[in-house]
Amino acid sequence: MSPANNPGVRKKKKPSTTTSKTHATTTSSPHTKNPPKMSPEAWLPQPTLFLTGLTLLLSLAPPGLGMEVMAPPTISALNGTSVKLSCTFNSCYKVENKQFSLNWTYQECSNCSEELFLQFRMKIMNKQLDRFGNRVEFTGNPAKYDVSFTLKNVQLEDEGIYNCYVLNPPDRHRGYASISLKVLTEEPPKHDSTVAVIVGASVGGFLAVVILVLMVVKCVRRKKQQRLNTDDQKTEEEGKTDGEGNPDEGTK
């Protein structure tokens with residue numbers, strides 16, 4: 001009886017594509033969904049998304065990265081003289097008078113309210129407070145990133161805190177610096193620098209001698225090491241010569 005007509009022999013079935021697909025569907029989790037096919041262009045960064053991310057990064061940047069305003073923390077001036085309160089700034093952009101702005105304010109103390117006395121909006125505007133009158137003169141140049149001013153005929157009442165605020169669009173953050181003005185009633189005594197010069201010269205001479213000695217010691221050690229290396233090399237060469245010139249000396 002042929003195997004085809006024998007009921008005891010089972011035919012091997014070839015795995016069909018439908019069966020494998022059904023098996024794959026059955027074993028997969030009911031919560032898993034096949035991801036939709038996307039074209040290669042869909043994986044490229046979209047311009048809107050890129051600009052949104054760039055704007056977010058710029059908004060999170062620290063204010064110090066956009067602009068830096070620099071001023072001495074403390075300035076001393078003699079009563080009745082003129083003093084320059086220096087304030088400069090760094091910016092990545094050229095100063096445009098239509099957009100640039102500057103405010104100078106005064107505070108009697110750190111907790112006191114600020115009084116605006118000098119402003120730049122298209123041009124310098126002196127508020128001429130009763131405190132200063134016409135003693136304030138703008139001596140800076142915004143085009144050169146300098147917004148300093150000079151206070152004439154300094155009085156004891158002028159002592160306090162002077163705040164400098166600068167904004168130079170497209171910089172988004174306003175820069176700030178403050179100066180504490182100290183008014184002196186008498187000129188501080190001049191220090192005699194003779195002693196300092198003598199001490200400095202003595203220390204400098206001592207260091208020069210030490211360096212010279214170290215250089216001499218180093219040179220002597222180097223020459224000594226070179227001499228030892230030369231002697232060792234000569235000894236080694238003489239040993240080789242003796243070995244080559246008397247080959248049978250050891251057998252006698």
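Me: Why is Phe206 called exposed?
Reply: Exposed means over 50% relative accessible area, buried means under 20%, and partly exposed lies in between (1.4 Å probe, protein chains only). Phe206 has a relative accessible area of 56%, so it is called exposed. This is a predicted model: local features need pLDDT of at least 70, side-chain atom pairs count only at pLDDT 80 or more, and totals for chains, interfaces and linings use all residues. Residues are numbered from 1 along each chain as its sequence is written, and side-chain values use heavy atoms, with hydrogens and water left out.

Me: Where does Phe206 lie?
Reply: Phe206 is part of helix H3, residues 194–245. Helices (H or I, at least four residues) and strands (E, at least two) are DSSP runs, numbered from the N terminus.

Me: What makes the nonpolar surface patch of about 460 Å²?
Reply: Val203, Phe206, Leu207, Val210 and Ile211 make it. Nonpolar side chains (Val, Leu, Ile, Met, Phe, Trp, Tyr) are joined within 5 Å, like charges within 9 Å. Areas come from the Shrake-Rupley method with a 1.4 Å probe; for residues, only the protein chains shown count as cover.

Me: Is Asp158 buried or exposed, and how do you know?
Reply: The relative accessible area of Asp158 is 1%, so Asp158 is buried. Asp158 sits in the loop between S9 and strand S10 (160–167).

Me: Which residues does Asp158 touch, not counting residues up to four places away in sequence?
Reply: Tyr106, Arg131, Phe132, Arg135, Leu151, Asn153, Leu181 and Val183. Contact means heavy atoms within 4.5 Å.

Me: How do you know that S5 and S6 pair?
Reply: Two strands pair if DSSP finds at least two bridges between them. Strand S5 (residues 101–107) and strand S6 (residues 115–121) have six bridges, in the antiparallel sense. In S6, Phe120 is the bridge partner of Leu102.

Me: What joins S6 to S7?
Reply: Three bridges, again antiparallel, link S6 to strand S7 (residues 124–126). Phe120 has Ile124 as its bridge partner in S7. S6 and S7 form a hairpin with two residues between them. Met122, in the turn, has a positive phi of about 75°.

Me: What is the strand order in the open sheet of three strands?
Reply: The order is S3-S9-S8, with antiparallel pairing. Strand S3 (83–85) and strand S8 (136–138) are the edge strands, since each pairs on one side only.

Me: How many bridges join S8 to S9?
Reply: Three bridges join S8 to strand S9 (residues 149–151). Glu137 has Thr150 as its bridge partner in S9.

Key:
Patch = residues over 30% accessible without salt bridge, like charges linked within 9 Å, V, L, I, M, F, W, Y side chains within 5 Å. Salt bridge = Lys/Arg side-chain N within 4 Å of Asp/Glu carboxyl O.
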